[in-house]
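Reader: I'd like to learn how to read a model like this one. Can we go through some features together?

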Amino acid sequence: MFDLSGKVAIVTGASRGLGREDALTLARLGADVVISDILLEDDPDLATTAEGANSVLAQVAAAQGWVHANATAEEIRRLGRRSTAIKMDVTDRDRVREVFRQVAEQFGKIDILINNAATLDHVAQIPNQDYRLWDRDIAVNLTGAFNCTKEVWPYLVQNHWGRIVYMSSVAGTMGGFGQASYSATKAGLIGLARTAALEGGRHGITANAIVPGIILSEAARTAAETNPIYERFRNRTVFKRFGEPSEIAATVAFLCSEEAGYITGAAIEVAGGMSLLTA
Ligand SMILES: NC(=O)c1ccc[n+]([C@@H]2O[C@H](COP(=O)([O-])OP(=O)(O)OC[C@H]3O[C@@H](n4cnc5c(N)ncnc54)[C@H](O)[C@@H]3O)[C@@H](O)[C@H]2O)c1
């Protein structure tokens, strides 16, 4: 089951965290995988790109050595699959179009898109929400996923087969205190996934959203260690623990499989029961 041999996948924001784990898991199941990210560890412009991204987290990631785009591509090639790491900012439509064209040329086709790239590095209640950060989050998290969906579409239609997965969040389904922009984008992705599901059906394309709780990527682990509110989040789960990146990646892999071909337009919570009413 879940044999992805012969499939070509693109994962956005795959140089670290959940995207990197998704990419490795898809490759272990047989897929060729393109690692795309705004940050690449051996990019001579890494520091300036991180600075220009207007994201504290991008700068932390670059400084802490969290960026593993090329190393992940290399790890995938060692599994015997094809892989490459490509610098791509999901907000840059011309670049997205060009990258997808290059991938289709080099790999022969595109079958799977994992819309994972996102920014989450500020918390502020609405009166203090910085307009620039609101605009940035909409541009990266929501419009970026739309750009990739629109540009991948012709390739999936050509295959009469496709899988698109959107990384939403419980902040999108439950709201997030101090997370107006993040929460709004993550709710928006569910609407986008459902629309892509409706329009993709006739072309054999499924589109689904995953709704994670707190999952221990480098970024989330750091936040959990420094922000006491995370203890409350942990206690809201029925297991009293955070999730592991492999638990998201397994769900991504399932949704990309042949076996999940009748699942579309779904928003699947992988959150340890965080949204359940507790006694
Ligand atoms: N970790 C969690 O607890 C959690 C919970 C709910 C949802 N999510 C979602 O899962 C996804 C991954 O989360 P993570 O914890 O691994 O986050 P992360 O911040 O570690 O990873 C995000 C990746 O996206 C890349 N990126 C940022 N802006 C980009 C751009 N403009 N173009 C291309 N790439 C860009 C970053 O460089 C990074 O590699 C995100 O969509 C996040 O919102 C995560």
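This is a predicted model: local features need pLDDT of at least 70, side-chain atom pairs count only at pLDDT 80 or more; totals for chains, interfaces and linings use all residues.

Reader: Is F239 buried or exposed?

Author: Buried means under 20% relative accessible area, exposed over 50%, and partly exposed is in between (1.4 Å probe, protein chains only). F239 has 55%, so it counts as exposed.

Reader: Which residues form a nonpolar patch with F239?

Author: A patch takes residues with over 30% relative accessible area and no salt bridge; like charges are joined within 9 Å, and nonpolar side chains (Val, Leu, Ile, Met, Phe, Trp, Tyr) within 5 Å. Areas come from the Shrake-Rupley method with a 1.4 Å probe, and for residues only the protein chains shown count as cover. Here V238, F239 and L276 make up the surface patch, with about 310 Å² of accessible area together.

Reader: How many aromatic pairs does a search of the whole structure find?

Author: Rings of Phe, Tyr and Trp (its six-membered ring) pair if their centres lie within 6.5 Å; planes under 30 degrees apart are stacked, over 60 edge-to-face, and the rest tilted. The search finds 3 pairs. For F2 and F254, the centres are 5.5 Å apart and the planes at 65°, so that pair is edge-to-face. F2 lies in the segment before β1 (8-12) and F254 in helix α11, so the pair ties together parts 252 residues apart in sequence. F2 is partly exposed at 28%, and F254 is partly exposed at 28%. Y230 and F242 are also edge-to-face, at 6.4 Å centre to centre and 70° between the planes. Y230 is in helix α10 and F242 in the loop between α10 and α11, 12 residues apart. Y230 is buried at 14%, and F242 is buried at 13%.

Reader: What lies over the face of W161?

Author: A charge sits over a ring if NZ of Lys or CZ of Arg is within 6 Å of the ring centre and within 35 degrees of the ring normal. K7 does this for W161, at 3.7 Å from the ring centre.

Reader: And how many salt bridges does the search find?

Author: A salt bridge is a side-chain nitrogen of Lys or Arg within 4 Å of a carboxyl oxygen of Asp or Glu. The whole structure has 15. One of them joins R97 and E151 (3.3 Å, N to O), linking helix α5 to helix α6 (residues 131-159) across 54 residues. R97 is partly exposed at 38%, whereas E151 is buried at 15%.

Reader: Last one: which residues is S15 in contact with, leaving aside neighbours within four places in sequence?

Author: Contact means heavy atoms within 4.5 Å. S15, in the loop between β1 and α1 (17-28), is buried at 0%. Its contacts beyond those neighbours are R20, I35, D37, L39, W66, V67, H68 and A69.

How values were computed: Residues are numbered from 1 along each chain as its sequence is written. Side-chain values use heavy atoms; hydrogens and water are left out. Helices (H or I, at least four residues) and strands (E, at least two) are DSSP runs, numbered from the N terminus.
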